[in-house]
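Welcome to this short tour. Open your viewer, keep the selection tool at hand, and follow along stop by stop.

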Amino acid sequence: MSIRKIAVLTSGGDAPGMNAAIRAVTRAALSKGLEVYGVYRGYNGLVNGDIFPMNLRSVSDIIHQGGTMLYTARSPEFCTEEGMQKAITTCRENGIDGVIVIGGDGTFRGAQDLTKRGLPCIGIPGTIDNDISCCEYTIGYDTAMNTCIQMVDKLRDTAQSHDRCSVVEVMGHRAGYLALNVGIAVGATAILVPEVPFDFDRDIVQRMKRTSATGKKHFIIVVAEGVGGVMELAGRIEKETGIESRATILGHVQRGGSPSVRDRVLASEMGYYAVELLLSGKSNRVVATQNDRIVDFDIESALRMKKPFDFELYNIAHEISI
Ligand code: F6P
């Protein structure tokens with residue numbers, strides 16, 4: 001089937017760099033002679049027919065902006081057969097031959113559902129969690145890591161001034177990739193991630209006591225949201241060590257902001273690559289990075305893959321934070 005008209009949408013949690021990806025998809029498609037529709041609010045836009053034609057200027061001045069100009073949503077209606085059929089109808093009625101979806105695992109499941117019903121789809125990984133197994137770096141991850149370290153550096157200033165322990169929760173959904181990299185980058189005394197079981201006394205209390213004995217007076221503990229419980233943890237730390245402790249949940253600030261160079265470049269490459277995949281007759285593929293190269297995988301097998309946790313980096317962080 002030849003592709004003449006495509007649609008692009010963002011779905012799930014937003015991530016810095018999604019706009020750069022929308023821009024790349026739109027511009028690449030237009031420059032190759034295709035027509036492009038933008039879809040508002042993820043799959044909801046397909047279900048409700050909330051779509052609009054895009055031109056070269058529709059994506060001007062967005063490459064540097066966080067969030068997504070197409071808005072995003074998680075769509076319970078699309079998860080029903082009726083919702084999916086409505087989405088297919090929107091595409092058929094508007095002559096849309098293929099859809100490029102930008103988001104995480106849930107977004108790719110939606111793409112798979114549409115492909116199975118005869119509409120070719122390509123996924124682009126956009127999530128700050130970096131939890132897409134087939135992909136080394138997802139769009140938004142680099143910016144989120146940089147936002148986190150800026151925030152934790154500020155917390156360090158106040159922790160240092162008060163001789164306190166700052167217990168910081170970072171996002172990541174069920175994964176600890178963000179926490180691990182942020183933890184090592186801020187020199188955290190301990191990093192708690194869902195992938196590695198921890199012992200409160202051995203991994204926090206004893207470590208803090210040991211480093212206190214060498215003269216250290218303030219501490220940063222980075223906790224992945226998949227571990228959680230930072231309020232309670234800060235209380236226990238204060239009780240067991242006698243060091244005043246404060247908990248901070250960084251929250252949605254991590255999802256915003258202007259995308260980093262890395263995210264803008266990655267998003268531009270991935271957006272371009274996704275259009276080329278559709279044009280070459282491919283569908284049900286997810287764009288990914290492996291060894292710093294852009295590659296693609298079948299969505300079904302990509303969803304089955306397991307991403308290895310970087311235990312080597314975790315051990316380095318552990319060993320040098322003494
Ligand atoms: O997937 C991105 C993410 O920010 C996760 O880190 C977090 O668990 C979740 O989304 C929060 O979702 P919501 O925007 O619905 O609060």
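Select Arg255 and the ligand: a polar side-chain atom of Arg255 lies 2.7 Å from an oxygen atom of the ligand, a polar contact here being a pair of N or O atoms within 3.5 Å. With the ligand still selected, note that on its own it exposes 400 Å², and the protein buries 72% of that (Shrake-Rupley areas, 1.4 Å probe). This is a predicted model, in which local features need pLDDT of at least 70 and side-chain atom pairs count only at pLDDT 80 or more, while totals for chains, interfaces and linings use all residues. Residues are numbered from 1 along each chain as its sequence is written, and side-chain values use heavy atoms, leaving out hydrogens and water.

Now show the whole shell (heavy atoms within 4 Å): Arg74, Thr127, Asp129, Met171, Gly172, His173, Glu225, His252 and Arg255. How many of these are nonpolar, polar and charged? One is nonpolar, four are polar and four are charged, with Gly counted as polar.

Finally, colour by domain, using bounds from an automatic or database assignment: domain 1 is 5-140 + 259-304 and domain 2 is 144-255. Each domain supplies at least three residues to the shell around the ligand. Their centres, taken over C-alpha atoms, are 35 Å apart.

How values were computed:
Polar contact = N/O pair within 3.5 Å; in protein donor to acceptor, adjacent residues only side chain to side chain.
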